[in-house]
Structures are given as structure tokens and as C-alpha cells.
Amino acid sequence: MDIGRLRALRELSVRKTMAAVAEALHLSPAAISQQISLLEQEVGIDLVKRRGRGVELTIAGRLLVERANKVFTELESARADMAELKKVVAGEIRVAAFPSVAAALLPKTIRTLRDSHPQLSVQFEEMEPEEAMNALRSWQTDIALIDDLNVPMGIVDPGVEVTPLIEDVFNVMMSRDHRLAHKDEVTWDDLSNEFWAIDTASVTYTRMLTEACRKAGYTPNIIARCKGLEVTSALIREGCAIAMFPGLRTRFELNDARVCRLVPEIRRRISIAFRAGEKKSPALQTFLHALQGHAEAC
């Protein structure tokens, strides 16, 4: 069977539409559809069936994807074995990570590796944890940085290995002239009458905020839904709103803002995920060592 066609089918099992697969594999939807059709002709049975705008794998399609996963895992293991024998830290390693951990750890890691292993190229793409895991499953990235709030360890694929990296605690950010700015820590009760700005990149954070406030007996008054730090921090500086941020993100200098600990705290565990078959790859091991070193220094 053609490896490229198997990869297209495997990608389709994750992304559900021809258009999404085409974007991931840098091909046209027509080319993806043709690859699936050729694979069906090759095996002599329907592998997909259309469901509205998307597609769903048949029993045969799901079975073939399961077998294909084993094939790809063996290919990656073989590539890692060859690289280990050569003992050369070179080539390209692709990393997907969400903004707070990426900003805190990746620039230093990339600089360290560029100085110590100039033949190793690190390619980074910003992704939220669930998206990063999908990219890892479909061979679009080699390493996914995830957290246990968005990707519970119980749903991680058997062929994926997860290594703990760092723990992070959420804080509340407010303007420096806020009535609570003099405190080192604030309770959820203290924040019952506040206006909130939220980062909409992850629905998990909105859920956590809502649940924490409800446990304290109120519903948060959310006045702004933002897609990043720029607008949120501007609202905070002007005293329009407060916001909950991961501790890693609040390590950076934020002018005219005050960061306080939340009590009771909300904690998350950040981990590194990679395909188990690539564990012996010198490039992967070198990247992990550098990343873990910078995480320990945080």
C-alpha cells in the first residue's frame, strides 16, 4: 500500500474533512479525495462515507488506520535507530506549544540548541494543547507541549509518551491602583464584584474561572473576551477589568499591572508529549534535555 495514501486516511480519521486534511498536508482537497479513492481501489472496499460536509471512516477504514498507526510507529522507530547509530544531532525537530509555556521556555531553548548544535533546526508552531496533540497524532509535529487541564492523561494515545515538565499556578492580574493591589494574595470571595476579561484561546480557562467563582457563590461578570494578551493587558492597565493568567505568563514584565496569588489556587501540570517510537532519537533527546533544563530554572 502507498504510504502517502495511508497518511491521508490517517489524517482524515483525526481531522474529519477533506479540506482540513488538505490544509495539513499542503495539498488540494481534490488531491486528498483522489488519494482516498485510489486507496479504496487498492484494497477493494469502501474506507469512508460522507456525513454532511464531513466524512466518517467505515469499519474497514478504522481498521486500516489502526494498522497504519503501527506501520508509522515502526518507521519512526527505524528512523530513530538509524539516527542513534550515527550519534549525530542534526536535522529538524518540530515543536507545537501553547503561548504561555512557549514564551517562557522556547526562546532560551532554541538559543541554547543553536549555540550547541548548529546542525539542528527547531521549527515552532503555536497551538493550544488539544490542537498540538492532534498534530502529534498526525505526524505534523514531533513534540507537543500540553497541560492536564486541556488534555487529561487518561485520553493520551498508547503510542504517545508523556514526560512531566513543570507545574504552573494561576494568578489574578489587576491594575496597580486597584483596591486589592496591595495584597500578595486574594481569595475568590474578594473578587465577587469585579469585572473580568478572559482569554478565549482556551475554553478550559473560561470554565475554570466560572467554576471557581460559582464555588464562591457568584457568577463572574465577564465584560471582555479577548484572543490574546495585548487587549487584555490594556484593559487591566486602565482599570477596566481583571484577568486570570497562568503563572508562566505573568513572569514577564507587565507595566502598570499587579499580579496576586489566588486562594484557593488553580494548578496545572505541563508535560512534553512525543511519539514513543522516536524516544531514542538524538535530536529529540537533545531538545528534551535543553527544555527541561530551562524549565528547572524557572
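How many salt bridges does a search of the whole structure find? The search finds 18 salt bridges, where a salt bridge is a side-chain nitrogen of Lys or Arg within 4 Å of a carboxyl oxygen of Asp or Glu. Here are some notes on these and other features.

1. Ground rules. This is a predicted model, in which local features need pLDDT of at least 70 and side-chain atom pairs count only at pLDDT 80 or more, while totals for chains, interfaces and linings use all residues. Residues are numbered from 1 along each chain as its sequence is written, and side-chain values use heavy atoms, with hydrogens and water left out.

2. A salt-bridge network. Asp148, Glu167, Glu265, Arg267 and Arg269 are linked in a network of salt bridges. Within it you can pick out Glu265 and Arg267, whose side chains meet at 2.9 Å, N to O. Glu265 is partly exposed, with a relative accessible area of 44%, and Arg267 is partly exposed too, at 39%. For these labels, buried means under 20% relative accessible area, exposed means over 50%, and partly exposed is in between (1.4 Å probe, protein chains only).

3. Two further salt bridges. Glu185 and Arg261 bring their side chains to 3.4 Å, N to O, in a salt bridge. This pair links distant parts of the chain, with Glu185 in strand 7 (residues 185–187) and Arg261 in strand 11, 76 residues apart. Helices (H or I, at least four residues) and strands (E, at least two) are DSSP runs, numbered from the N terminus. Glu185 has a relative accessible area of 40% and is partly exposed; Arg261, at 47%, is also partly exposed. Asp190 and Lys183 form another salt bridge, at 3.7 Å, N to O. Asp190 is partly exposed at 22% relative accessibility, and Lys183 is partly exposed at 29%.

4. The largest core. A nonpolar core is a set of buried Ala, Val, Leu, Ile, Met, Phe, Trp, Tyr and Cys residues joined through side-chain atoms within 4.5 Å. The largest one has 29 residues, and those with the most contacts inside it are Val101, Ile143, Leu145, Leu165, Ile272, Phe287 and Leu291. Among the elements that give two or more residues to this core are strand 3 (91–97), helix 5 (99–116), strand 12 (267–275) and helix 9 (282–297).

5. Aromatic pairs. Rings of Phe, Tyr and Trp (its six-membered ring) pair if their centres lie within 6.5 Å, with planes under 30 degrees apart counted as stacked, over 60 as edge-to-face and the rest as tilted. By this rule there are two aromatic pairs. Phe170 and Tyr205 are edge-to-face, 5.2 Å centre to centre with 70° between the planes. Phe170 lies in strand 6 (residues 160–175) and Tyr205 in helix 7 (residues 203–215), so the pair ties together parts that are 35 residues apart in sequence. Phe170 and Tyr205 are both buried. Trp188 and Trp196 have ring centres 6.2 Å apart and planes at 20°, so this pair is stacked. Trp188 is buried at 4% relative accessibility, and Trp196 is buried at 0%.

6. Backbone points to check by eye. Most residues other than glycine have a negative phi, and most peptide bonds are trans. Trp139, although not a glycine, has a positive phi of about 65°. Trp139 sits in the loop between helix 6 (129–137) and strand 5, and is buried at 7% relative accessibility. A cis peptide bond joins Val263 and Pro264, with omega about -5°. Pro264 is in the loop between strand 11 (257–263) and strand 12.

7. Cysteines. With a disulfide taken as a pair of cysteine sulfur atoms within 2.5 Å, the count is zero disulfides. Cys213 is buried, with a relative accessible area of 0%, and Cys260 is buried at 1%.
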